[in-house]
Amino acid sequence: MHPFATYVLRTYYKATGWNEDNLYANLTRSSNAILDFTVPKGLHLSVSKSPNSLFRTTYSMTAMPSLNGSVGYIFTSCDLDVKSSGNVQFKDMIERFKVYDQPRKPEVKDEEWIAGEVVNTRDYLLYGRLYLPSGRLDALYSTRISPTMQALIAAVSHPSYNLPGRGGDVSNLMFNLQHDVGKWCTEYSYSAEDGMWGFRVLHNFGRLGLPADATDDNSPIGSRAGLKRVDEEDAVEGGLKGRVSAGAEVYLSAKEKSLGGESSLVPLHLGMRWLNVVSIGSIGLRFTTLPDATPPSFQVPFPSSSLFSAKGQPSQPPTTITALFNPILGHMSGAYSAQVSRDLCLSSRFDFNVYSFESEWTMGTEWWIRRSLSVDTGVDHNPSVDPLPLEMVNSTDVDLKDEVHGVVKARASTNNDISLMWEGRLRNMLVSLGIVSDFSSRSKPIKAIGLELSYFSSG
């Protein structure tokens, strides 16, 4: 389940027109949602409040296995439509399998006129969180420099008395610059603590997609049925149709320290001295089917007996295939994820190291739980009342977002780790319950079990 701060940050990206999906860091997001979901540990409770559309507060407490908590504040320069935990769309609060839209250029903010003059305001987000009793402080500043560039500054400060063996305060300042033009997206980063420079790039092959408003998933079926796109070709049987994205990342540092602790020291002769340079890198490839794989002319409205069915049977299952390779560490990874039915997604991943010959096979599933199909229109539910016409169901007057009220995730690997988690909504509270087990250990078959409760309100 997303923390409240993550939900606000993604709402901010959506409000400012920034496409966070077009980043190399999110290349494997679809498979990670099924195979790398985080199971809560112990008992965790979070409460958040949005007194207005610009300022928000969030509090959290962990009661088990140890008692600790945190308090955070978020401020944005633009108004955000942040829902409460009772009416927020459930799919917006969890990481899930999804075939993302075609890459598109970031949206440009509309011009603001005051007294006959254009006022260019730069959107920004400020976030800070203090952890107790450790005293750790996290801070984030995000701002939109131009229509295609965004800058992020993150800071971390941790008192040394809570970190044995390290003198002085452990602080770090990180800078990140993102440049997205649709087809290309590049990232430049710098970490002050270890002097780590980073570069990421992602290239999308094929044509760009339409603006987000033109590809809204809530558009009525009837308005698209029977229409033929200008670029639509005749249907061809066999094979998956989609797009390919390729990217890479490289990190360099002049210190013998890396993000994960493993590195390759390459001696470079600079004048009269030797310099140890840490080098980390990977390359990635992704194939994904198009979200609009079924052309509009092939989408036929459903009869009134199945008002809440999907838009149409897709011509191909939503599928994502990814491959990653780290030549320095010798790590290779390949994942295949697909939505095999309306409520069931499956994923499988194979990891292999060419140096140690170690391997791991991970399988996972995601199953959506839905409510009974009914429409709340303010009219008493009476069998004598005629069913709603299709036009009314497709209109925006009927809210269908509460149809999904829970999801069950499960994963198993050849390392004997089995995880099971349920996420859902109980009245106005979001709940996450999970368990991690290891059947190879007779003394401790249950490794972790946890419960997370989240409540937030707005207005």
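This note covers salt bridges, cavities and a surface patch.

1. Basis. This is a predicted model: local features need pLDDT of at least 70, side-chain atom pairs count only at pLDDT 80 or more, and totals for chains, interfaces and linings use all residues. Residues are numbered from 1 along each chain as its sequence is written, and side-chain values use heavy atoms, leaving out hydrogens and water.

2. Salt bridges. The structure holds 13 salt bridges (a side-chain nitrogen of Lys or Arg within 4 Å of a carboxyl oxygen of Asp or Glu). One network of them links Arg10, Glu20, Asp21, Arg29 and Glu95.

3. Arg10 and Glu95. Their side chains meet in a salt bridge, 3.1 Å from N to O. The pair links distant parts of the chain, 85 residues apart. Arg10 is in helix 1 (residues 4–16), and Glu95 is in the loop between strand 3 (68–76) and strand 4 (112–114). Helices (H or I, at least four residues) and strands (E, at least two) are DSSP runs, numbered from the N terminus.

4. Arg29. Its side chain meets Glu20 at 3.7 Å, N to O. Arg29 also forms a salt bridge with Asp21, with the closest N and O atoms 3.0 Å apart. Arg29 and Glu20 are both buried, while Asp21 is partly exposed at 23% relative accessibility. Buried means under 20% relative accessible area, exposed over 50%, and partly exposed in between (1.4 Å probe, protein chains only).

5. On a 1 Å grid over the protein atoms alone, a cavity is a set of points where a 1.4 Å probe fits but cannot get out; lining residues have an atom within 4 Å of a point. A volume is the space filled by probe spheres set on the points, which are joined across faces, edges and corners. The largest cavity has about 70 Å³. Its lining includes Asp21, Tyr100, Arg243 and Arg286.

6. Second largest cavity. This one holds about 60 Å³ of space. Among its lining residues are Arg29, Tyr100, Arg243 and Arg286. Helix 2 (29–35) and strand 14 (273–289) are the elements that give two or more residues to this lining.

7. Surface patch. Leu45, Val47, Met61, Leu67 and Tyr455 form a nonpolar patch with about 430 Å² of accessible area together. Patch residues have over 30% relative accessible area and no salt bridge; nonpolar side chains (Val, Leu, Ile, Met, Phe, Trp, Tyr) are joined within 5 Å, like charges within 9 Å. Areas come from the Shrake-Rupley method with a 1.4 Å probe, and for residues only the protein chains shown count as cover. Val47 lies in strand 1 (residues 42–50).

Conventions:
1 Å grid on protein atoms, 1.4 Å probe; cavity = no way out; pocket = protein on both sides within 12 Å on 5 of 7 lines; lining within 4 Å.
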